[in-house]
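Have the model open while you read.

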Amino acid sequence: MKTLRVNIPNREYDILIEKGLLAQTGKLLSTLRNPCKVAIITDSNVLPLYSAQVKQSLETSGFDVNIIEIPAGEASKSSKMLESLYSQLINAGITRSDLIIALGGGVVGDLVGFAAATLFRGIDFVQIPTTLLAQVDSSVGGKVAINLPEGKNLVGAFYQPKMVIIDTETLQTLPPRVLSDGCAEVIKYGAIRDEKLFETLEKINEPCEIFENIDSIIYTCCDIKRAVVENDELDLGERMILNFGHTFGHAIEKHYNYSTYTHGEAIGVGMIMESEFGEKIGITPIGTAAKIEKLLTQFNLPTNVDIDANAIAAGVSTDKKGEGNLINLILLKQIGAAIIHKIPKSEVTL
């Protein structure tokens, strides 16, 4: 089993990576606490696949388990769903001394993490991510949030999990589009911090080939995020580099009402746009955007969308990385090295 320790003072936790870990959930959580009430919160896609296995493992270790189901999809990251989740947790008898598990992809992890951070002023929670995107990115680092009509992740908190359990076997049940969606975030890590990872991905001809080295790839991505988060937990500086592609990508998601493109698809296009912008202003080497575009194509990800400058400007105006009239745009000095470039929002154009 591959293990990473996230060393944030008084909020340390382990990231565990191995095939077959779902069956060990009860044993692993027994190292955190004595048996208690546990609420497994999952979505309608994941529930029939993995909830029974996790529940059985927990009950074998003496935990009292409830399962709460939410609809799959980005629409569940809403204030309405959050309020419903609060009520279901209270009605299930969950208290501050109990435990919540987020079993699913990024939507589940973000929503459940925010519920855990805010209900009763904080309940311990564990991330069990089942998508590649969640395993390499959203389950690690403690960013939890919901969306507003005005933009993505505008209401949130920094709330670290007590453990992250990554069972890479869950990736075998992902539809091809969802697997490719996660590959976009893997590409991002190579682009911002690890040229060797980027070069490894360039040698892959189709998304399914990523399974040949999946544990090592996930470990590498999580280790990059671990190091960044330890240096800047509250996203005040270095951690912003993890948002490469996200400024334009979130604008794309918002423009299409979070329905046409997945998060990874939008972020992939955003990485190209931000690289082209960096090339235009002389920070990013010419040809970088083309390299990213080629790699996205290899992983069956879109490389352009029909969006105009006004839509991008609208998205940038509400981006959470904004500071007054300025935006912190993440640009590449080269593949494997990202910088934070502060620029007036009015100057961010296609």
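1. Ground rules. This is a predicted model, with local features needing pLDDT of at least 70 and side-chain atom pairs counting only at pLDDT 80 or more, while totals for chains, interfaces and linings use all residues. Residues are numbered from 1 along each chain as its sequence is written, and side-chain values use heavy atoms, with hydrogens and water left out.

2. Salt bridges overall. The count comes to 19 salt bridges, taking one to be a side-chain nitrogen of Lys or Arg within 4 Å of a carboxyl oxygen of Asp or Glu. E74, K77, D110, K152 and E253 are joined in a network of such bridges.

3. E233 and R11. Their side chains form a salt bridge at 2.4 Å, N to O. E233 sits in the loop between α8 (214–231) and α9 (246–255), and R11 in the loop between β1 (2–6) and β2 (13–17), so the pair ties together parts that are 222 residues apart in sequence. (Helices are DSSP runs of H or I with at least four residues, strands are runs of E with at least two, and both are numbered from the N terminus.) E233 is buried at 13% relative accessible area, whereas R11 is partly exposed at 37%. Here buried means under 20% relative accessible area, exposed over 50%, and partly exposed in between, with a 1.4 Å probe and protein chains only.

4. K143 and D235. This salt bridge has its closest N and O atoms 2.8 Å apart. It links distant parts of the chain, with K143 in strand β7 (residues 143–148) and D235 in the loop between α8 and α9, 92 residues apart. K143 is partly exposed at 24% relative accessibility, and D235 is buried at 14%.

5. D124 and K162. Here the N to O distance is 3.9 Å. D124 belongs to strand β6 (residues 124–129) and K162 to the loop between β8 (151–158) and β9 (163–166), 38 residues apart. D124 has a relative accessible area of 21% and is partly exposed; K162, at 34%, is partly exposed.

6. The cavity. How many cavities of 30 Å³ or more are there? The count is one. The largest cavity holds about 80 Å³ of space. Eleven residues line the largest cavity, and K152, H250, G315, T318 and D319 lie nearest its centre. β8 and α9 are the elements that give two or more residues to this lining. By type, the lining has three nonpolar, four polar and four charged residues. (Nonpolar covers Ala, Val, Leu, Ile, Met, Phe, Trp, Tyr, Cys and Pro; charged covers Asp, Glu, Lys and Arg; the others, Gly among them, are polar.) On a 1 Å grid over the protein atoms alone, a cavity is a set of points where a 1.4 Å probe fits but cannot get out, and a pocket is an open set with protein on both sides within 12 Å along at least five of seven lines; lining residues have an atom within 4 Å of a point. Grid points are joined across faces, edges and corners, and a volume is the space filled by probe spheres set on the points.

7. The second largest pocket. Its volume is about 200 Å³. The lining includes E74, K77, N147, K254 and Y258, and divides into four nonpolar, four polar and three charged residues. E74 and K77 also belong to the salt-bridge network.

8. Cysteines. The disulfide count is zero, with a disulfide taken as a pair of cysteine sulfur atoms within 2.5 Å. For C208, the nearest cysteine sulfur is that of C183, 9.9 Å away. C208 is partly exposed at 41% relative accessibility. The sulfur of C222 is 6.9 Å from the closest cysteine sulfur, in C221, which is too far for a bond. C222 is buried, at 0%.

9. S275. Is this residue buried or exposed? S275 is buried, with a relative accessible area of 1%, and its place is in helix α10 (residues 263–280). Leaving aside neighbours within four places in sequence, its contacts (heavy atoms within 4.5 Å) are F244, T284, T288, A289, I292 and L332.

10. A23. This residue lies in the loop between β2 and α1 (25–29) and is partly exposed at 48% relative accessibility. Not counting residues up to four places away in sequence, A23 touches Q53 and S57. A23 and T247 are 224 residues apart in sequence and 38 Å apart in space, C-alpha to C-alpha.
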